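Please look through the structure below before reading on.

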Amino acid sequence: MFDFFPLILSAFLLGLGLGLHLLVKAFAKHEPANLPHGSMGLPLVGETLGFLKPHRSNSMGTFLQQHCSRYGRVFKSHLFGSPTIVSCDHELNMLILQTEEKLFQVSYPKAMHGILGKFSMIIVSGDIHKKLRNMGASFITASKSNPDFLNCVEKMAISMMNSWKDCEQIGFCKEVKKFTLNLMVKHLLSIEPEEPLAFKILEDFLTYMKGFVSLPVYLPGTAYASAVKARARLSATVRGIIKERQKEMLRHGKEDFLDAILTKESLSDEETVSVVLDLLLAGYETTATLTALIVYFLALYPNVLQHLKREHDAIRKNKKNGEPLNWEDYQKMEFTYNVIYESMRCGNVVKFLHRVALQDVKFKGHFIPAGWKILPMLTAVHFDPSLHEDPMEFNPWRWTDKATTKKVMPFGGGPRLCPGADLAKVEIAFFLHHLVLNYRWKTMADDFPLAYPYVEFKRGLLLEIEPIQDMAGNIET
């Protein structure tokens with residue numbers, strides 16, 4: 001019997017291969033003409049596994065490099081279960097973002113809907129997106145220069161750094177995530193970092209975020225299933241806070257984000273919960289990741305660190321002993337802005353976006369059919385040598401040329417431009433001010449952080465802490 005096994009296996013594999021070949025041929029016959037060149041990969045899975053293969057954040061990755069070399073900067077593929085156009089072209093990416101709801105529309109995989117919720121600003125479109133986004137953006141705009149918010153950011157940053165004084169090493173990624181989430185929880189919901197509820201929210205968010213970088217398989221024990229359950233717990237927590245707020249007639253004159261949106265009464269409870277969780281997510285994960293990337297790059301480029309330190313030293317010398325930073329100080333941090341932007345360009349916190357063509361589109365001789373998914377690859381544009389001189393080099397001085405801002409989209413673009421970008425920059429700038437003036441450090445990670453779809457540090461980023469005691473003593477906590 002076993003003598004026939006190789007023949008049976010060979011026949012099975014031959015039949016399977018022939019079947020797959022016929023399926024590919026049948027699919028190809030239905031493809032519109034003048035599509036960009038490319039490969040559709042295997043039926044059903046397409047090229048998704050190759051596309052999702054982790055790679056260094058400071059590179060396009062093997063998949064994009066090979067496909068761009070073979071097919072050009074715009075090519076077809078089959079990703080996330082759908083026929084897809086992949087765009088590594090800056091002009092096409094700009095067109096996609098600027099024509100939201102006209103030529104293209106946001107279109108995330110169904111699995112993301114389960115983890116984000118049906119009213120998430122990330123996945124909704126049209127009027128509901130405008131309503132939810134405007135609600136968040138108006139509060140963020142009012143907050144970024146508010147003295148109370150600025151003072152809160154600075155106090156939390158100093159408090160965290162003071163807690164490092166007796167440590168030989170710290171896991172920076174974990175620490176900075178704690179900082180950003182505590183700050184957002186305090187600002188949005190008036191929950192203090194030391195409250196048990198803050199610890200519960202942090203724990204659920206850590207579980208929640210793991211679902212973004214896992215296979216979307218809802219089976220007990222999987223990261224995806226755990227993330228969906230964590231999201232449900234977070235929703236229940238926020239709903240509980242909403243009920244308590246609705247019972248209160250006054251908030252002692254102190255209004256946080258939740259008070260503001262409950263007062264306007266223009267959102268349902270489910271929409272309110274979703275907006276709060278979206279802002280917590282954006283203010284927590286991406287801001288923390290970007291801060292960790294900045295610290296990583298500063299350790300690799302001591303000349304940048306020294307220039308940044310001189311800028312913040314000059315600001316501190318013009319302050320009285322213990323005097324807090326203010327909005328005018330922030331506006332002087334020009335090189336800090338450049339460091340933030342260059343870290344986003346080189347670190348690629350968000351690698352690509354999900355869109356779908358609402359109608360047939362022609363671009364540079366390419367045909368993009370209505371109904372096809374299209375992925376604007378931000379990473380490819382960030383490392384395009386035709387747009388950036390020495391694109392692999394971390395060079396914050398390139399941002400002194402205002403033309404650079406037109407070649408990079410670190411915060412997206414169009415109607416979905418990140419509403420919290422300015423808030424994140426303030427938080428990072430104030431955090432860096434005290435970090436560069438009070439600590440020396442070096443990275444202990446062996447490899448550059450891997451990224452997909454968000455940056456994750458392989459082992460976390462360790463810092464060797466050497467507090468500069470005389471500087472730390474001049475800061476009032």
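Predicted model: local features only at pLDDT ≥ 70, side-chain atom pairs only at ≥ 80, totals over all residues.

Residues are numbered from 1 along each chain as its sequence is written, and side-chain values use heavy atoms, with hydrogens and water left out.

The protein has 18 helices and 14 strands; these are DSSP runs numbered from the N terminus, helices being H or I of at least four residues and strands E of at least two. Of its 477 residues, 52% are buried, meaning under 20% relative accessible area with a 1.4 Å probe, protein chains only; exposed means over 50%, and partly exposed lies in between.

Two packed helices are described by the angle between their axes and the distance between the axes. For α9 (residues 196-210) and α10 (residues 223-247), the axes come within 7 Å and cross at roughly 150 degrees. Axes are lines fitted to C-alpha atoms, for helices over the stretch in contact, and angles run from 0 to 180 degrees between N-to-C directions. Among the residues of α9 that meet α10 are Leu-197, Ile-201 and Phe-205; on the α10 side they include Ala-223, Leu-234 and Ile-241.

Which residue does UniProt mark as a binding site? The unreviewed entry places this feature at Cys-418, though such annotations may be inferred rather than shown by experiment. Cys-418 is in the loop between α16 (378-382) and α17 (421-438). Cys-418 is partly exposed, with a relative accessible area of 31%. Leaving aside neighbours within four places in sequence, Cys-418 is in contact (heavy atoms within 4.5 Å) with Arg-133 and Phe-411.
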